[in-house]
Each structure stands twice: as C-alpha cells, then as structure tokens.
Amino acid sequence: MADAPALELRGITKRFGTLVANNAVDFELRRGEIHALLGENGAGKSTLMNVLYGLHQPDEGQILLDGQPVTIDSPRRAIGLGIGMVHQHFMLVPVMTVAENLVLGAEPRSGPLLDYKTATRRVRELSSEYGLAVDPDAKVEDIGVGTQQRVEILRALFRGAKVLVLDEPTAVLTAQEAQDLFKVLRTLTAAGTSVVFISHKLNEVLDIADRVTVLRRGEKVDTVSTEGATERSLAGLMVGRDVLLRVEKTEQKLGEPLLELEGVSAVDDRGLPAVNDVTLRVRAGEIVGLAGVDANGQSELIETIMGLRAPTAGTITAAGVDVTHAGPRETLNAGVSHIAEDRHRRGLVLEFDLAENLCLREYKTPAFSSRGFLSPSKMVARARTLLKEFDVRGGDPETRAGSLSGGNQQKVVIARELTADPKVIIAAQPTRGLDVGAIEFVHRRLVEERDAGKGVLLVSLELEEIRSLSDRVLVIYEGRIVAELPPESSEEDFGVYMTGGGRDERAA
Amino acid sequence: MTAKRIGWGAVVLGFLAFFVAVPPLTVRSPIVVIVIAVAAMAAGSYAITAGEKRLGWGGIIAGMIGLVGGYAATQSGVANLERVVVWGALGAATLRYATPLIFGAVGGLFSERAGVINIGLEGMMLMGAFFGAWGADVTSSWLLGIVIAIAAGAVFGAIHALFAVSFRADQIVSGTALNLLAVGVTGYLFVEVYGDLGTPDDLPSVPNVSLPIDWLPLLGDIFGDLNLLVWLALAAVLMTWVFMFRTSWGLRLRSAGENPLAAETAGLNVVRTRYLAVMASGGLAAMGGAFLSIGFLHTFTQNMTAGRGFIALAALIFGRWRPGLALAATLLFGFGSALAQRLPVFSPSGAVLFQALPYVLTLIAVTGLIGRSIPPLALGRPLPRN
Amino acid sequence: MSAPPDSELPPNITVASRMATFFRGGGILAPLITILVAFLAGGLVVLATGHNPIETYQAIFKGSGFNWFFPWLSEDDRIIAALNLQQTLILTTPLILTGLAVAFAFRCGLFNIGGQGQYILGSIFAVWVGSSFDGMPALLHVLVAMLAGVLAGAVWAGIAGLLKALAGTNEVISTIMLNWIAIWTGVWIFNLGSPLQNDNPDQVDVPVSNDIVEGAKLPVFWGDPQLQGLHIGIFIALAALVVFWVLLNRTTLGYEVRAVGFNPDAAEASGINVRRNYVMVMAICGAFAGLGGALDLLGWQFRIATNDIQTHTLAFFGIAVALLGRNTAIGTLLGALLFAGLLTGTSVRNLDPTVFEPQLATNLTYMIQGLVVLLISTDVLVVYLLRRRRRK
C-alpha cells in the first residue's frame, strides 16, 4: 500500500436537485505533488472539493485516503483524516484574533480555561517553521486578505493536514503575494504535503502544478502533466471550443461623450477607500471595458455612478446631466440603464412576477399608472410584448421571476433596461452564470446598442468577454484606473496591470 | 486634557448635578445644580466637537438628567427627600429589581452570542416563574424548585432551538410565539393546579444570605441581607464572562454566532453548539423567573414577568452583548425601578412613568446616538441548507 | 464583486423574503393544517389535565356564536347565539385592524410587534377626544375621535419607521420598546391626579378615564345597546380590509411596498426610496392599529382604566391573525374571525362553566395562538407540502 496515492476520488457524483454538479469524477493525488484542478466557473471544482471536505455528501462514488476507503460526513471528520482546506471566501471569524482563529476547534487548554499563551506560541512556531509571517494577536478583521490566507493555511497545518486543498487561492492576491504563496506551497510539498490547487488561470497552473485535472460541466475531461502542456492546449481542454469567441462588430461611429467621470472617489461599506480618483469617458457608439480582478472597486464604482453610493470627490455626468449627487431614480431618468452584476440582489425582485419586474423603472409613469393607481392590464400587455421580443422562455407575465432559469432572468433584466431607451448602459457581469446561448444573446444585444449610438460601460471579471466586446479597455486595480489598452493586447499585458504590476514598470 | 477625559468629566458632572441635591449633601440652592449641569453639557458639547461623539452625547444626556432630577430635588421638602433617597435601601432594592434582569440578560447573551435571537426570554422567564413555584410547592424544597425551573426553561429553549436551528424558522417570529405560548401554558397550569386560591402561603422560598457586616456604613445596608439568588445572579455574570472569553467552549460558542460556516469548517458542530446555547439561555432566564416567584414575591400570578424579559433583552442590547456592560445596564434599569417604588411620596402617579425609563433609554441606545451596538455577525441568520 | 461568505443567503434579508415560501406555497392547506395541529395540541393538553377536549371545543364553538349560522337552531338558541356572535364580531373588529398593522408591515419586510402600543395610543386619544367636546355634532365628534386615534397610532408607529430610516434601528426592538413606553404612559395618564383621570367627584379614587359622551359613541346596529350589541365598527374594519387590498395591489405605493419587502436592494436600484417607504408603511400600520383602539373605545368600552392597559393582550393576537392569514386581506379576515371566536367562546361570559372553566379556556386560547405562530415561523410544513405535490 506504500505506493497508494495520498488521495483518490472514484466516480464521485453529486446532484443538486436536477443539476448534476459532478458526474462520475475520478481524481488522484500523489504524495508530495501539486495537482491543479482546472475548469471554468461552474465546472464543478468547488463542489468536488466540498465533497472531499465533508461539506457535501456525494450521491455516488468513493473516497480513498492512502488506499483506504473512507466516509467523510463532516469537516470534523475530514480534519481528523488529515485534510485541510483553504476556502475561496476565507472561513475566519473577523472579530477574533489570529491565534483564536487558528486554534478554533482544537484549542490548547489549561484546566477548564483556554490557554491563550500556548496558542500564540504555537502560532509563532508554525509561522516561522513554514515562513508564513502572521501576528498572532492581530484581529482578523484588521489584516489584509493575503495574511488571512496565510492564517487559513497555518490553521490547516496546525490541524495536521497532509492533503491541503486551496480553492482559487490567487483570486484575491496581488502578483507578489501569489509568488510568495507558490514558494510556500513548494516548501510544503517538499516536506511531504500534497496539494490540490483549484484555479481557472492557465498561466498559474502551468507555473505551480505538477499535474492538471480538467473539469468541464461537472465531468472530468482529462488529467495531464504540466510538462509539455501549453496554455493553448489546456484552454482547449477547459472550454472545449476555440477560446476567443469573436463577436461580429461593425465599424465604430463615435459620437459625443455620454458618461463622464472626473476624479471620482468613494469609500466602501466599512468606510475604506474603494474608488480612487477615477476619471473615465464613454462616448456614443463605443463599448468601454473595465477589466480587473475581483474586488478592486468595480462594485463600488458602479454603485457610485448609479447613485447608490455617494461619491466623496469628483463629478459624474450622464448624457449631459450632472448626476454626481443624484439618487438612483434621477440617474435612471437621466438616461442610464443598469444591468446589475448580481441580478438576484439588484436586478430583480424574485418574488414579483415578470410583468411587475418589467415595470420596476416605469411603474410611476402614465403608461402604467394614473394618480397613484396601477393599471395591471397595461403592465401585463407590455410584458407580453417584451417577453416575445427578448425571447424569454419558461414564463408568461404572471410567472414569478424566481422560477425562471438564470439566462431567462437575465433576459428579463435586459429587456427592462434596454426598452427604457437609455443613452448609457452600465453592464456589470452581464453573462455571469449563463449558458452559451444566453451569453451570445447578451453580447449581441450589447453590440446592437453600441451600433445604435449608445455608450456602453462593460464591467466584467471575464477578460475574454471584455476583450471580445470592447472597443477600448480600462484596467482597474485597487480602485484606480491603472491602464488603458486596446482589446487586442495580449493576456500577459492585461495580467500585469490587473495585478498591480504595471505601476512599477511605469515608474521605472 | 484629552477630549476623552473631558467627555468622561461631562458624564460625571452630569450625575453630580443630581447627587449634590439629594441626601446626604442635600444642597438646597437650584443655582448650584444648574451650574454643575450646564458645565456638564458644555463639557459634553466640547467633547463632541473634539470628536468624542459618544461620550459627549452621554455627557449632555447625563447633564440633562442631572438638571431635571437635581432641580426637582431642590424644590421638594427635605423630609420627603430623606424618605426617598436612602442609599442603603435603594442599593439593596436596585439589586433586587435587577436580579431577574441579570439572569435574563445573561441568558440572552448565551443564545445571541451563538447567533440565535432570543425574543423569547420573556416566555422562558415566565416558565421559570411558574415551574419554580410549582416545583418548590410539590417537592417542598426551594432548591428543587429552582432545578425544576431551570429544566422547564431549558425545555423551552430546546423548542426555540428546534425551530430556530433545525427548522430554520424566522427566529423573531418563533421567539414571539414562545412568549405567547408561555402565557398560555403557565396560565393554564396555574388555573388547573391552583385555581382561584393561588399558590399556597407556605410556598418554600429561597433564603436570604445574612452577612455580619452591619457595622459597615452603606455597604452593610446594601449587601448585608440579600437573597441567595441575587448573589447567584452576580456570580452568573462573572462566570459567563469567564466562560465566554476565557474558555475554549466560549470561543466555539462565539464563533458559531459570528461565522457559523467558519466554525463548521474548523470541525465544530454548530447545530449542537446553538442548541446547547439556547437551552442554557432558557435555563438562566428561568432562574430569573424563579427569583420572582420564590425569591422575591413568594407567589405566582398569571403573566407575572410583566415585560421583564424584554427589559433583560434591552439590557443585553444596551450592554452591547457584553456581560459587564449588560450588568451595568440591568443595574441602571433596576435603580430606575427602585426609585419608582419610592417616588410616590411626591406624586402618586408620576412615579409610574419611571417604569418606562428602561425602554426609553434602550430606544435611545439602539438609535446609535450613544455608540452603535454591533451584534454578533451571524445573529438571526439560519444555517445554510446543505 | 464577490458574494458574502455565506452566499446562500440573499445579501439583504427581510422577514418577508425569509418567510416567502410560507406565504407563497401550500395553498389554503398550510394554514388549515397549522390550525388543526394547534387545536390538536391544545386538545391533548385538555385531555391530559382530565377534561374532555371534544366537549370543550364544542362548548367554545357554541360560546363563539358561530352556531347562529346553523339553520336548524331553535328560536331560543338562536337568540343566545346572536348575543354570542355579536361579541365575537365586536372582537373581530380590532383583530382585523391589528392584524392589518402586522400584515402591511410584513409586506414591506418589516415585523411590527408594536401593534399593542399603537392600539393603546389610538385608544388614549380616542377616549380623550370622545370624552371631551360634549355637544359637538354627533357624526363630526365620532369622526374627529376616530381621526385622533388614527393619527396617534400613526405617529407612534412612525417613530419606529423614522428610526429605521434614519438610524437603521431594527424595528422589532424599537416597536417592543414603544409598546412598553405606551403601556406605562397609559397607566400614568389615567392614574390618580394625572391629566386624563376622570373628573367625576364620585370616582376620585378610581384610576379610570372619563366616559365617552353619548354623541361620540358608535351606533349599535345589531342587538341591544345596553347589552353591548354590535356597533358599526365592524364595517369600518371591513372597509379597512378593502383599503389594504387596494393600497397594496392596485397603487404605486403598494407596488413600492412589496418591492421593498421582497428585495430592498433591487427596489433601491430601480429608484424606489426605501427609507421613505419604511416611514410611510409604519405610519399606515400604526393608523390601522390606532383605528382599532379608537373603535373599541367608541364602540363598546367607552372608558379605560389603568389596569385594562396593563393586562391588555388583544393587540398581540394581530400577529397570529396576520401570519395565519398570510398577510392577505381575506386571510386576515378569516384569521380575525377565528381568534375572535376563540376569545369570545372562552370568555367568562360565554363559556358554559359546567363543561370547562373559562379561565382555563382563555389560557387555552393563548396556547393555541402561540402554537399557530410557532408553526408558521418555519416553512418546513409548506416545503413538505410543495414537495408532495410535485411528486404527484
């Protein structure tokens, strides 16, 4: 049994209702290797690892550790078996100290009391042993995400993890922090720990992993060695089609500026600077892409434009109207449409029916109400037209929005926002979680709006989407616009600026 | 002189404005009161402009209370004042009125620190009041009475946990339901068992603890002859603090209330933690109820908690979910009640208004005027479905 | 751009969105099963304490006067049934209104536990206006007294709405506090030597208000005015149900209220002023509850004593009424009838004491009420029903 892999998953199937998140997936992790789990968003990577960590129970399949079949029904069991996991969203308690978080669940005691001194000492020991610097007495809410991640890794090691799973660990890290992390991972594997590294970033995977298992729509495509693999070959496995999906665009007819931000700054919910001195301009007939890694101020910037967040500095002009201090209603009325990044949160009222959702902007206009009284029949009639026009399937005007599929929900949002005849369209993550057909629909509509002389600000985490749709691309990093690039620029160029690398180069 | 010190000075001055006008100092000139109170408010305003908003507002409010209270005292007869303001008796009464609130607040702390809102404190307290009396009557032992009260409270807590944790119910609605249910259950059993006669006169009651400290001025009067449950309540605060902030169980309980997923991924059983916390909450609140029935009033009457569970909840919020601050809040509210009991000397009806004081103060507190109360992060959030 | 750590929860949860499953699914079946379970549990308690639950429920039903609708009733029984039914309908009036005070808030995502305080404020102002201004034209006097109650309730609840809008204060806490402030204010204001204590020389030692003057009393249209017949307040309550329905489903305000209730973030993003809605909605809720208090005073109570205020629990039934009625107009009506019937049927005046002791029965009503709310607090029943239906 000495040669048995550290971990083996056999035929894991996990269903959520009718959705099959994992379909008979096999996965093998050798001792001391870094094994990447690669796939697009929604390919089933996190689900597979949550099965391994006891957060989900598989419907079928088997887990073997060191060749022994095991049942993992809770994280407690997983920890006991030497499995540690660093989640995408850190599982730490913000108001507690690093040491408290680290020992939670396996606290050193003296008598009935928590032995906090021993806890901090253990943190210091581990911290120097693996070269992961943390301050045991700092509160988690006061330390940066990079440090928080170190705490999570230390916690897994503290609990004796021999198999370490990292779920998209670099998503929140700067380039430098990511390099530091890779160094740590190599130290760990040299000491015999095995690492599962979940990612959807090709370059990273080639950089750090020994082998790669690719998942696509819940199924395992292949396991390959990174030796000899290229970004292109991996990308092919990952998406199963040509990577760049080209969108047909006509020649640009640029018009006057429709959306102008001048030195706009804003703070986030905790009062920390989130948007820093952003100046940008969207003209009629162009799609301006805003590229950036998650949580670099994009959400706050959109909210500031839409009047949902008060700017601390700067001016915002939409279609010639000063909307710097306008509320959401005034901003909408100035001719701005908003395809919200999270349609469940901002885009739709899921408990409303489609007719009601389609009227969210205009219920007060004479078309749908008079003297404060609604005209339901008019709302339904209009909804019927729109549902046909935008090809919304699976519902009529009286259907609850929450019962539609994600793609059709997004079509409802787009139908509402585009029929308001806007001049400016803020499209935030407009294709998140949609299938290919719906994505194409959304892309086509956005390009049509551009061709019709509207100004589109496209905010997306999918670089491919930004590159294929935009006429020019701005890169946002830590709330600042750090670069403007043509969409044809290489992925590496974008990557440098998106991870904050560009500033040093410019300074040099 | 930092702004912070001036802020604290304002608070102290505010209370001083009242204090000089009552025995033993009994200053008779309203000018003195007004001067001190105005100084308090001025210092408070300064503190606000200097950035110490919370303390500053606290100082201004203390100044206003001192002004009103102190001025009223200068305008009333010395004899009356001396009958009302007997610090020893007031102190003892404060502790007596505070005791059910302390148990309730500490009980609420367990539940809410673990992430489960406990609006049902009132009901749990009422259960304790009835079952304490009934248990003591049936077993002829106050000790077993308390034990039975705790058990009844814990059972009620378990029902709350069943709905709030396992059934993922809306915790406020289920807590409200428990309050309504407790009125029905205790009322029904009370009528069924005791009928029109009420609980017997020889109901065993929790004894007082006599300390040989009569010779101590003031302290002797306050602490010399308190009910055992008063001491237990004070001990409960200390023990709760140690439990919450100095033991690993407390760490686990708080993690379940701050970030249950984190607790879960650290290998903890959040469901079990929450169950135990809510049951402990019920048991403690029930002790407060038992104090009312077999420690203080020596009888049970229908719906006798009369909102004390809600004041306890208010004290918990007022005290920002911290044992020490919650204790301070219960003592403040208890002092209001103690004073209200003695004020009818001046105005038979006006004293009643003092009963509203805890609620007014809590209302001010939750508006964030004197600092924001930040509840445990996951408070009221059911666990995600797996 | 990321979701919060526990991304299964919508970012801005309201009590309405959390309980949406219950209010959507399960048809009429879920409330019916809820009631059935609550009555069964109550019956078990009756049985366990050595009484006959079937006879007890029969007697309560008889006491409620609902048997008036049975065509086979003898003439004598019908007279008694009519008297009982009048009492039930008298209580239905405030239960509808305090139920609406909960239901309307719920639809905006707010949980108004403050119906009691708003009701008390409404009754205080109604008794003040109704017992003063003797000689004012009758219709005008009634209207002014009602309006005073409505406004008082609206202002009282509006405080909670304002605090929510301006400081983000949780309305559950603030309405609970406002309840108790209202109770103690009420106890004070009619107390000996207080502003609204009666000025009748024979009652100097009684902490009770003045009586409503004849001109401000609501007319009785069924039964004997001397024997507490049914006053026209029930029609005003029924009208309030219609107003509630129209307001919620046919006006732009109601549209905003429902949008805010289900998803305040989306409502805000589409330009709805969420804060203003909170204030408006709470004020309207308070107006409903305050009207309930005013109608009770002008219709049959005619005076308030301080101990009435302290022992007052009627308005709390509004929570059970609204939740059981799924915060709809028709549901609130049915819920109000159910609990009014239970309250009347278990009252000392109406329940046959040889079958079951009324004092016990009153507590049985509280128990049933508590169980109903408890069962509704979770959606397990509805989820179960939905799943079964899907399987078929």
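**Ground rules.** I am working with a predicted model, in which local features need pLDDT of at least 70, side-chain atom pairs count only at pLDDT 80 or more, and totals for chains, interfaces and linings use all residues. Residues are numbered from 1 along each chain as its sequence is written, while chains are lettered from A and ligands numbered from 1 in the order in which they are written.

**Entry 1, the sheet.** I looked up the strand order in chain A and found an open sheet of six strands, 6-9-10-3-11-12, with mixed pairing; strands (E, at least two residues) and helices (H or I, at least four) are DSSP runs numbered from the N terminus, and two strands pair if DSSP finds at least two bridges between them. Strand 6 (83-86) and strand 12 (219-225) of chain A each have a single partner strand, so they stand at the edges with one side lacking a neighbour in the sheet. Ignoring direction, neighbouring strands are turned by 20 degrees against each other on average; axes here are lines fitted to C-alpha atoms, for helices over the stretch in contact, and angles run from 0 to 180 degrees between N-to-C directions.

I then checked strand 3 (residues 34-38) and strand 10 (residues 194-199) of chain A, which pair in the parallel sense over five bridges; A:Leu38 has A:Ser199 of strand 10 as its bridge partner.

**Entry 2, helices on the sheet.** Helix 6 (residues 175-190) of chain A lies across strand 3, strand 9 and strand 10 of chain A, and runs at about 150 degrees to strand 10.

I found helix 14 (residues 317-324) and helix 15 (residues 329-345) of chain C packed at about 135 degrees, with their axes 7 Å apart. That angle makes helix 14 of chain C oblique to helix 15 of chain C, as angles under 35 degrees count as roughly parallel, over 145 as roughly antiparallel, 65 to 115 as roughly perpendicular and the rest as oblique.

Conventions:
Two residues are in contact if their C-beta atoms, placed from the backbone, lie within 7 Å.
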